[in-house]
2 protein chains.
Amino acid sequence: VRHLGCDARSIHRVQVPDDVAATLSFFMELDRLKSVERRNRLADGSRCENTAEHSWHLGMAALVFAGQATEPIDVGRCVAMALTHDIVEIDAGDTFAYDTGVDAASKEAREQAAADRLFGMLPAAVGAHLRELWDEYERGDTADARYVMAIDRMAPMLLNIAEGGTTWREHGITRARVIERNGPHVEPALPGVWQHALAGLEALPGSALD
Amino acid sequence: VRHLGCDARSIHRVQVPDDVAATLSFFMELDRLKSVERRNRLADGSRCENTAEHSWHLGMAALVFAGQATEPIDVGRCVAMALTHDIVEIDAGDTFAYDTGVDAASKEAREQAAADRLFGMLPAAVGAHLRELWDEYERGDTADARYVMAIDRMAPMLLNIAEGGTTWREHGITRARVIERNGPHVEPALPGVWQHALAGLEALPGSALD
């Protein structure tokens, strides 16, 4: 009976309205994102980051960097997009940013199926709203999506630099690849942040990155 | 030199504008919230929750439960408030919701000092904005603050129920105390959610909770 509290729909059919039960089921499902492990470590190197706390960090970043964005953005939408954009990893798992062995078509299919299932758990209107945010982020064709993507690239880069570059060393990622992968997203949206990240990257010791 | 990437202000005084450097320092400081451990466990019981991932879960909850709130709320403000309201724990630590041994005045003093320091790291306008959200949450005297507080009480209660009530048993928290502590916040703001949580609480096995 340990699962009783989770399965709102089947237990409380009478008392709890359908929308509440559906939203609660989605809320409980979200808890699993806290167990999806990313490759990068926390800034203090103590452990790897998980996707839920990463998403919180991005939401906060979307709030506090908004005044420095080069394009006009809707901050509230960007925060919601930052919180939502990695939820599909509950089903599809995290893909390392520098992984070249991943079949892009297969990754996209897994993530689309995950989005169908997860956002489909919600009442129609709110599910459609989150799905739109996720689709927009994936397309990357709006100022809001470009800003959130810049923050999503900036965050692990800054954590990796602060931590000393262990994850990059472990995976043989050179400075040139870090710049090639992140610069095109971070530099146009947050040029001052990019200057800082680049200086931090260059100051990292160790020839393994060259 | 491992800290080089963190200390934006001192290293990049020339290239990086002050506002960018200050915002980056705050962003890096936020990383520490991922290491603040709460008493409640994840729904699967695998480990205790940390405050950063808890804050993400609340931000998502603020988004998806908005349509069920009993008072008119500004969803964007509520999401920002949910993400921000526990940042003071970076300095002040987490206080267990049922801890009766805590000196309320001392806790408040520690949290006020934490808010001064942390929000004070940011450029003035954005720092003042986050501080206002935090102050409003602490006062709890607006519809937005009441809604976020309801979600903040709902979330650990649902996780504890899903997990089987271990944290409550460990600390000798009875059903009556759970209801007394959370009901006054959750029930008025999200009555359907409260019905569900109450049914889950009653279905939990074990006389230790009685």
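Reply: Gladly! The mean positions of the 21 positive and 33 negative charges of chain A are 4 Å apart. Lys and Arg count as positive, Asp and Glu as negative, with His and the chain ends not counted; each charge is placed at NZ of Lys, CZ of Arg, CG of Asp or CD of Glu. This is a predicted model, where local features need pLDDT of at least 70 and side-chain atom pairs count only at pLDDT 80 or more, while totals for chains, interfaces and linings use all residues. Residues are numbered from 1 along each chain as its sequence is written, and side-chain values use heavy atoms, leaving out hydrogens and water.

Me: How many helices and strands does chain A have?

Reply: Chain A has 11 helices and 2 strands, as DSSP runs (helices: H or I, at least four residues; strands: E, at least two), numbered from the N terminus.

Me: What makes chain A as compact as a globular protein of that length?

Reply: The globule rule is 2.2 Å times the number of residues to the power 0.38, and the radius of gyration is taken over C-alpha atoms. For 210 residues the rule gives 17 Å, and chain A has 19 Å, which is close, so the description holds.

Me: Why are β1(A) and β2(A) said to pair?

Reply: Pairing requires that DSSP finds at least two bridges between two strands. Residues 37-41 and 48-50 of chain A share 2 bridges in the antiparallel sense, so they qualify. A:Glu37 has A:Asn50 as its bridge partner. The two strands form a hairpin with 6 residues between them, and A:Gly45 in the turn has a positive phi of about 75°.

Notes. Chains are lettered from A and ligands numbered from 1 in the order in which they are written.
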